[in-house]
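Q: I have a structure open and I'm new to it. Can you walk me through some parts?

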Amino acid sequence: MWDARNLYRGAVLVSAVWLCALNAPAKQELRVKGKGLTQSELSRLDPQAESTSVLLESVKALLKDEQLAEAQPFLEEILFRLEGDGTKEARRTYAYSLYQLAYCQMKLGEYVSGARNFVRFADEFPDDEQQETARLMAAQCLTLVQQWPAVQEQAAAVLEDLRLPEELKVTATQLLSEALYQQEMWSEALRPLHALFRMAKTDTVKSGAAVMLVTCYVRLDDFASLFRFLPNCDRGSRHDVGLNAALLEAGDAHYNRGEFLKALLLYRQVLAKSELLAHYEARLREVKTAMKPFVAGGKQTLTDYKKLQEKQQALFDRLSKQYDVIKNFQDYDTDVLLRTAQCYNDLGRNWPAHAIYHRIFEENPSSALADQARYSAFSVLLDEQEWALATAEGYAYVEQMPNGEFRDDVTLNLMQVRMQQQQFELAYEMGIKALELSPEHKYIDQINYLLGYIRFQSLDYQEALGRFSKILSAWPASRYYESAEYWRAMTLLFLGEFGQAEPAFAAYLSNPKYPQKQFEEDASYRLGIAQYGLEKYAESEKTFKAFTAAYPESTLLSEAYAMLGDLRGAEGDLDAAIDYYRQARRTALHTAQVSYPLFQEAKVLELDKRYGDIVELMSDYLRDYGDAGDFANAAHWQGRAYKALDEYPRALQAYLDIIDEFGGDPARGGVDVILNEIVSDYRSEALSGYQPIIMDQLDQHLNGAAEKGGRTLVLRYQTVFAGITEGEEHERFVNAVVQPENVPASGPGTLVLIAREGVKRGHWSMVHDAAERFRTHFPVSNNMLYILIADLDALIGEGRYAEADGLGEEILQQFGYSRSVGYARKRRADALRLNGEFEKALEAYAEVLGIREWRGPLTPEALYYSGVCKMELGAVDEAFAYFQRIYVLYEEYTEWVAPAYARSVDCMEKLGGYDREIVNTYREMLANENVAATPEGAAAARRLKELVTAEAAL
Amino acid sequence: MFIVLAPVWAAFAQSEYAAKVTLNTGQSFVVPHLDVQGERLMRTGGTSSVALSMVESIEFRFTGVSLSMCESMFSHGDRKALEGVLEQSIGPAAQFCSLPTNLGPYLLWWLRCQFWNGSQAGAGRTIGYIRQTGRPELIDAAGMYFVLMLLDQDKPENARTVWESVADPAAVSKPMTAYIQGRLALEAGDPQRAMRYAAELAAFYRRDEEWMPPATLLEAQIYQKMGQPLKAAAAAEELILAYPDSQWSEQGRKIKMESTGTGGG
């Protein structure tokens, strides 16, 4: 920031300039009168001894020679001698001497004495033609000693003369204006300043008046007059550096008072550096052009020429000085723009602020202020809650100014914005980048805390634990210490490290460091959970009881009662358990808090064989919550209770009622859970007697749905039929369901059928459509893995191996090493193999072979294709070993044993010298009846026959 | 040649204009007013005439009006007075705008005054005159004012059609272009884009006397559309304070009243 104050002062304090201008005529008048005196002449003169006429002559000579100090004693002596002499001549001499004495005093810097004598002169000789000049001289002397009331008095007295010559009028108005201005009589100063601005003949005076007028308006808060005045300011004044500095300073003053709009309007009026420079350059050229060489014989005398030249030179020097001042202001425009933008920002008008900040750093990327502007552009968008734009701006800052002053603020803010937008992974990336860019980050504790929190949300408890623990050990004074302590305990709880979680929660709850614990309520509940996990049931029950007593308004109250129900139920105290579950439901704040104790209560009722109560409980629940509750589980419990009562038809009816009620909406995945239950019942040995009833009921409901035109429900029933029928009937239902146009109306179960059957039929686009719909509408369904596997099969079927590889990786990340993932990973290996990436395929098959959970049917297949890959890579002996392992170790998997034999023979043929072993291998192969029945077996029999025949011939 | 003609110019000082006619041959003469009959330009007294096809240029000079004066009066906000002056001086000559004259820039000043003074009928007529000059840059400028007139008349579709016909709006005026784009974006229901244009004016043309006040008004209106009444009031307050006794302060008061229930300045 540059300080406008010096410039402003330079422009406003114009008195000195005015004074010099006024002195010139007085000097001129005096110089022509005397011849001057030498030092030896002076030494021979004694003022008190000489006659008055000699004194007078000496004075004139001395004044002519500017020997002002020497003239003073002579003038004082004259005044002393003539004091009280009323003759006309004496009065004239007295007047002359008094005026000259005042003049000498003024010139010698004795302003107070000079002013006093000028005033004395004017008062004593009111009819003297010099009277007004004397008052103005007095006023000027008083200006220099800043006796502004006296200046005002003298100038005002002069202006009372209505016939005052124009030149004196301007000077008097100047003096009066400045006197009022300096006394901060803003309102009173306006009139003379306006008059002065109108009358002034020189730029200096005009600009000075303009500056003071602007200041008066600003101080009077009269923006209406200010904005009327400014457009009418002539170019010279408007471009005066002093005026612009005054605007800037006035802007600052208002800004500091919190008057941002006024500050904005004042800053906006400040002209740009280029405009000021252009104006000053033009003025300097004009003045220079006017300073022409003297031409003898013209209208102008040499004296007049020199006088004018001096005046022009003075003007040139003054303009040059101001020009240099402007030119040397670094970042002048940027600074004005920054202030303007800041005002907009403080007014909440963030868009203009942003546009200005943007302009600053776009136009001045190397300016010292560009960094601040770039950061501000980011922060105003945050203020405006324009998250997408703010994020883009923030990332651009980090990218382009990795060492910027505000880097730490930007990275932290970006992280928080990402979190606010629920983009936790992106927030995490930014946090990591923040620490990479700035290992000593200004907010290192906060960044670590947020990183820990994000990892916790992403279920990555190990890293979360590390982050929270680091805050506790490295930054004990951090404001995030308490949060870190609580979240560390939570992380331990979620890791199942109950042994550490319990003391961690206890330590947090007893930590005297926090006057008011922000997580006290939650931690009190979690402590009970940790104790429960440690099987400290008595302590856990005590903790939950204490919690329910201490926090009757808690959002966790219902859950605490549910936990107490579980604890009592585990002790066999079923009535107490049921009581707690009912309290849990009464205090529930949302459906989930109702559902958990409800189904827990059902379990207790089941232990008590109170099946009728279960049916009633579930009926009430379904009535009260309908599809907002867990209707699938309720149906399950109803069915289970009826089955226990040996009333399966009522169970089936309960299922079908719920399916009919909610099954028309494909989004309700719970319907498919009930349908699966029916399929399971149909296949159950215990309920096999009810198969005709089930078929009949399903048929009736399918027809009912078809009559009502419920396409989704029809598809659901058809999907069930496809699951329980066989042969042509099965094909008929599959054909009805597996159609591309059914995808949009299908629920999750139907989509799985479509996708799986679509793979069999090679209808890849339908499979992808089904998978896409599934991913979009049922992201948490249990069937997700199956649909993704179908999608993976389709990609491989289409030859889109790279995408298949990617999906294979996604499946692993999403589902881990669960048993069903093995097939997906094997398919990924297939994709790599089919893509000719045999080395990678081998690694992928090795993964399948290495995971214990995946051992089984996948193993011989993975071994077989590992052998195939080795063959492709030319490692025939290694391939041979793979094939051998299959028929040695996995004999029951005929579909792999048969080709493995065949491939083994291929290997031996390639290796050479294994003729006998080949014959033996064929014989061994054909000894296995199952293998002999395969196409490979048939081929082997033919080949063996040829070999034996050939051998016999030999 | 001009020295000889100078007294002739002086002789016409009392009339609204005089016109110096230059022929293809290089000859020129001054007439106190143009008299065009059919395809011929009649010389003073009607005793002789020249074919219009022989006229290379006609330079009008108007009593008491110059382009620099237009600029000065316009920027000082004396738009009513300037419109009156131009009506009086340019009006009688405007009918000759299809000839190769120097009327174009005067007509544009006239149009600008008419537009801002709300003289819709006059502005429509002047746009017609400007189109007849055949000068693309002036036609573009007139088209841009026409766009704004149509927007003020709540005819956004027509405005958009006219806007699309403007060949090079930025060459006419960048701030005006930004302002029109802002208005069109707001009309199209995209207040965020509109705001970017309004903000661009604040960033790059902060002392533009013609476009800064409407841009501030636009900013206030956009905030209203965005449901941010306090910000709308803040922008309106600027109109009240910075442009006293003008249509801008009036509109500012109206918006402030709508936004906060009080319209005081």
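A: Here are some notes on the sheets, helices and chain contact.
A: This is a predicted model, where local features need pLDDT of at least 70, side-chain atom pairs count only at pLDDT 80 or more, and totals for chains, interfaces and linings use all residues. Residues are numbered from 1 along each chain as its sequence is written, while chains are lettered from A and ligands numbered from 1 in the order in which they are written.

Q: Which strands of chain B form an open sheet with β4?
A: The order is β3-β4-β5, and the pairing is antiparallel. Strands (E, at least two residues) and helices (H or I, at least four) are DSSP runs, numbered from the N terminus. Two strands pair if DSSP finds at least two bridges between them.

Q: Which strands stand at the edges?
A: β3 (35–37) and β5 (49–51) of chain B. Each has a single partner strand, so one side of each is left without a neighbour in the sheet. Neighbouring strands are turned by 30° against each other on average, direction ignored. Axes here are lines fitted to C-alpha atoms, for helices over the stretch in contact, and angles run from 0 to 180 degrees between N-to-C directions.

Q: How many bridges join β4(B) to β5(B)?
A: There are 3, with β4 covering residues 40–42. L41(B) stands opposite V50(B) in β5(B).

Q: What about β2, β1 and β6 of chain B?
A: They form an open sheet in the order β2-β1-β6, with antiparallel pairing. Its edge strands are β2 (28–31) and β6 (55–62). The twist averages 20° from one strand to the next. β1 (residues 17–23) pairs with β6(B) over 7 bridges. V21(B) stands opposite I58(B) there.

Q: New topic: α6(B). Is that helix buried or exposed?
A: Mostly covered: 12 of its 17 residues are buried. Buried means 20 or more other C-beta atoms, placed from the backbone, within 10 Å of the residue's own; 12 or fewer is exposed, and in between is partly exposed. The buried ones include L138(B), Y145(B) and F146(B).

Q: What do they pack against?
A: α4 (104–117), α5 (120–133), α7 (156–165), α8 (169–172) and α9 (174–187) of chain B. D154(B) follows α6(B), and its phi is positive, near 65°.

Q: How do α5 and α6 of chain A pack?
A: At an angle of about 145°, with axes 9 Å apart. α5 is residues 68–82 and α6 is residues 88–107. The crossing is left-handed, as the near helix is turned anticlockwise from the far one by less than a right angle (clockwise would be right-handed). By class, the contact has 11 nonpolar, 4 polar and 2 charged residues. Ala, Val, Leu, Ile, Met, Phe, Trp, Tyr, Cys and Pro count as nonpolar, Asp, Glu, Lys and Arg as charged, and the others, Gly among them, as polar.

Q: And where do the chains meet? How many residues of each are in contact?
A: 22 residues of chain B are in contact with 19 of chain A. Contact means C-beta atoms, placed from the backbone, lie within 7 Å.

Q: Which helix of chain B gives the largest share?
A: α12(B), with 8 residues. α10 (191–204) and α12 (229–242) of chain B each supply at least two. By class, that side of chain B has 11 nonpolar, 3 polar and 8 charged residues.

Methods:
Two residues are in contact if their C-beta atoms, placed from the backbone, lie within 7 Å.
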